[in-house]
Amino acid sequence: MAKKISQIPFKGTPEQEAELTSIIDSYSADRNALMPILQEAQDIYGYLPIEVQTIIARRMGIPLEEVYGIVTFYTQFSLEPKGEYNIMVCLGTACYVRGAGDILERMKERLGIEPGGCTLDGKFSLEACRCIGACGLAPVLMVNEEVYGRLTVDDVDRIVAKYE
């Protein structure tokens with residue numbers, strides 16, 4: 001599945017850019033350091049928009065296409081920002097057999113986004129994951145660090161409403 005470029009405007013700060021350039025400079029533009037630089041950049045910004053990729057490419061003296069290729073190949077990198085409330089629906093075996101797929105479908109409808117996406121207002125992001133580690137409470141989802149278990153599709157609206 002191809003990653004899509006975010007429709008949410010980039011809101012990087014001069015302080016973030018200064019931190020990023022300092023990190024890049026600390027690696028002395030070593031082309032082999034691209035992965036750790038991307039990881040640290042994602043820690044700074046929360047995702048890797050094209051603006052950040054461009055800074056990295058220019059500062060390292062490598063083609064933007066090379067940076068973009070790495071970002072879109074590895075699942076650890078995101079082109080979409082995370083919302084203020086990141087919702088993770090567990091699709092591990094215990095959760096899935098107890099209806100997590102239906103919960104994910106309802107969450108997609110409710111938020112109007114696909115897994116990996118973020119609402120245009122930046123409030124919610126949605127992810128599907130393989131295991132949260134709360135199998136005894138299946139099906140489970142998390143909103144940031146808060147775990148919700150023994151869910152039904154009917155619980156989705158109540159949970160989202162709590163954070164609106």
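These legends walk through close-up views of one predicted protein model.

Residues are numbered from 1 along each chain as its sequence is written. Because the model is predicted, local features need pLDDT of at least 70 and side-chain atom pairs count only at pLDDT 80 or more, while totals for chains, interfaces and linings use all residues; side-chain values use heavy atoms, with hydrogens and water left out.

**View 1. The whole chain, to get our bearings.** The protein chain has 7 helices and 4 strands (DSSP runs numbered from the N terminus: H or I of at least four residues for helices, E of at least two for strands). Read from the N terminus, these elements follow the order α-α-α-α-β-α-α-β-β-β-α. Domain 1 covers 14-73 and domain 2 covers 85-163, with bounds that come from an automatic or database domain assignment. Taken over C-alpha atoms, the centres of the two domains are separated by 31 Å. Along the principal axes, the C-alpha atoms fill a box of roughly 50 × 30 × 25 Å. Of the 164 residues, 43% count as buried (buried is under 20% relative accessible area, exposed over 50%, partly exposed in between, with a 1.4 Å probe and protein chains only). Among contacts (heavy atoms within 4.5 Å) between residues at least 6 apart in sequence, 64% join residues at least 24 apart.

**View 2. Strand β1 and its two partners.** Strands of a sheet pair through backbone hydrogen bonds, either parallel or antiparallel. With β2, strand β1 runs parallel and is joined by 6 bridges; here Val89 stands opposite Ala128 in β2. With β3, strand β1 runs antiparallel and is joined by 3 bridges. On that side Met88 stands opposite Met142, and the bridge partner of Ile87 is Val143. Strand β1 is mostly covered, with 5 of its 6 residues buried.

**View 3. Two nonpolar cores.** A nonpolar core is a set of buried Ala, Val, Leu, Ile, Met, Phe, Trp, Tyr and Cys residues joined through side-chain atoms within 4.5 Å. The largest one has 26 residues, of which Ile87, Val89, Met107, Leu111, Leu126, Leu141 and Val143 touch the most other members. At least two residues each come from β1 (85-90), α6 (100-111), β2 (124-129), β3 (141-143) and α7 (155-163). Helix α6 gives the most to this core, with 5 residues. Apart from this core lies another of 21 residues, among them Val52, Met60, Ile62 and Val71.

**View 4. Leu111 and its surroundings.** Leaving aside residues up to four places away in sequence, Leu111 touches Ile87, Thr119, Phe124, Leu126 and Val160.

View 5. A pair of aromatic rings is described by the distance of the centres and the angle of the planes. Rings of Phe, Tyr and Trp (its six-membered ring) pair if their centres lie within 6.5 Å; planes under 30 degrees apart count as stacked, over 60 as edge-to-face and the rest as tilted. The count comes to 4 aromatic pairs. Phe10 and Tyr45 form a tilted pair, 5.7 Å centre to centre with 40° between the planes. Phe10 lies in the segment before α1 (14-26) and Tyr45 in helix α2 (residues 34-45), so this pair ties together parts that are 35 residues apart in sequence. Phe10 is partly exposed at 29% relative accessible area, whereas Tyr45 is buried at 11%. The ring centres of Phe73 and Tyr74 are 4.9 Å apart and their planes are at 85°, so this pair is edge-to-face. Phe73 counts as exposed at 63% relative accessibility, and Tyr74 as partly exposed at 32%. Tyr85, Phe124 and Tyr163 form one aromatic cluster.

**View 6. Asn32 in its loop.** Asn32 is found in the loop between α1 and α2 and is exposed, with a relative accessible area of 71%. From C-alpha to C-alpha, Asn32 and Ile62 are 11 Å apart in space, and 30 residues apart in sequence.

Definitions and conventions: Pairing = 2+ DSSP bridges.
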